[in-house]
Amino acid sequence: MEVIVCRDYEEMSAKAAEIVIGAVRKKPKFVLGLATGTTPLGLYKRMAEANRAGKVDFSKVVTFNLDEYVGLAPDHVQSYRHFMDANLFNHVNINKVNTHVPDGKAKSLLAACEKYEQMIADAGGIDLQVLGIGRDGHLGFNEPGTSLASRTQVVVLTEETIEDNSRLFQNKDEVPRFAVTMGIQTILNARCCLMMANGKNKADAVKGCVEGPVTAMNTASALQMHPNAVVIVDEAAAAKLELLDYYKWCRKGKEQLTNLL
Ligand code: F6R
């Protein structure tokens, strides 16, 4: 796991944008996994800016989002489809036909989950999955206790997640209790995982993810088993990392190493 510690949210977003934009430039038919939430907003803003400036082309890119609330139609203002349109897809030259968000209104949610897995496989698998992390260490909506071998599934959200996400709704009672989410194994199948975290309320989750045991109690810790996982954090989210100085030392060493290889 490569840990990149940044000064603040802006630097974290810029670093993530550099990685994502660089990867898309190398492979125009890129399959990009995306996340919603507050964390990736700075990344999406930079992706849109780079696209406007002609520095990156999304016309052949295919996307798969991590999750969607059960019961919310795509045009519901709190749906993750709406979030993605408003914060990224409407601002870049992506073909919306190539953008996928799990169907939270499917007649058979189980069939929709299987179909989502099949669509990812048919697209050739995810090249890079963008991730945030919940305060309880969730990736996607894979709450503590979820199998680390899980595939796209229907899950029950914890009270903590409902509370955290209620800031975007009129009140807590409006937050759906269920969601469809890629499973942890689905996420681990991506060729690269790029997780971002900022702010001190994420410090415990980041500590568990990066340095804790690999455990279903912090599903993000499964990233330790991924051969190509990059974790980009700001100083506040990195504050509880025991090997913080070492991660910073490694970054300097890596620059020198790149010149030697
Ligand atoms: C969103 C998702 C979640 C969020 C996490 C952090 O698609 O899958 O795992 O990444 O809840 O949310 P924010 O970024 O709002 O703190």
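Which residues lie nearest the centre of the second largest pocket? Point 4 takes this up.

1. Basis. This is a predicted model, where local features need pLDDT of at least 70, side-chain atom pairs count only at pLDDT 80 or more, and totals for chains, interfaces and linings use all residues. Residues are numbered from 1 along each chain as its sequence is written, and side-chain values use heavy atoms, with hydrogens and water left out.

2. Ligand site. A polar side-chain atom of Lys202 is 2.7 Å from a ligand oxygen. A backbone N or O atom of Gly140 is also 2.7 Å from a ligand oxygen. For a polar backbone atom of Thr38, the distance is 2.9 Å. The protein buries 92% of the 410 Å² that the ligand exposes when taken alone (Shrake-Rupley method, 1.4 Å probe).

3. Largest pocket. The ligand takes up the space of this pocket. (A pocket is an open set of points on a 1 Å grid over the protein atoms alone, with protein on both sides within 12 Å along at least five of seven lines; a cavity is a set where a 1.4 Å probe fits but cannot get out; lining residues have an atom within 4 Å of a point.) Its volume is about 510 Å³, the space filled by probe spheres set on the points. Of its 25 lining residues, Gly37, Ile133, Asn165, Arg167 and Lys202 lie nearest the centre. Helix H5 (159–165) and helix H3 (80–87) each supply at least two lining residues. H5 gives the most, with three.

4. Second largest pocket. Ile19, Leu128, Cys192, Asn228 and Val230 lie nearest its centre, among 16 lining residues. The volume is about 310 Å³. H1 gives the most to the lining, with six residues. The lining has seven nonpolar, two polar and seven charged residues.

5. Cavity. The structure holds one cavity of 30 Å³ or more. Its lining includes Leu32, Met47, Phe58 and Thr63. By class, that lining has nine nonpolar residues, one polar and no charged.

How values were computed
A polar contact is a pair of N or O atoms within 3.5 Å; within protein, one must be able to donate a hydrogen and the other to accept it, and residues adjacent in sequence count only if both atoms are side-chain atoms. A molecule sits in a cavity or pocket if more than half of its atoms lie within 2 Å of its grid points. Ala, Val, Leu, Ile, Met, Phe, Trp, Tyr, Cys and Pro count as nonpolar, Asp, Glu, Lys and Arg as charged, and the others, Gly among them, as polar. Helices (H or I, at least four residues) and strands (E, at least two) are DSSP runs, numbered from the N terminus.
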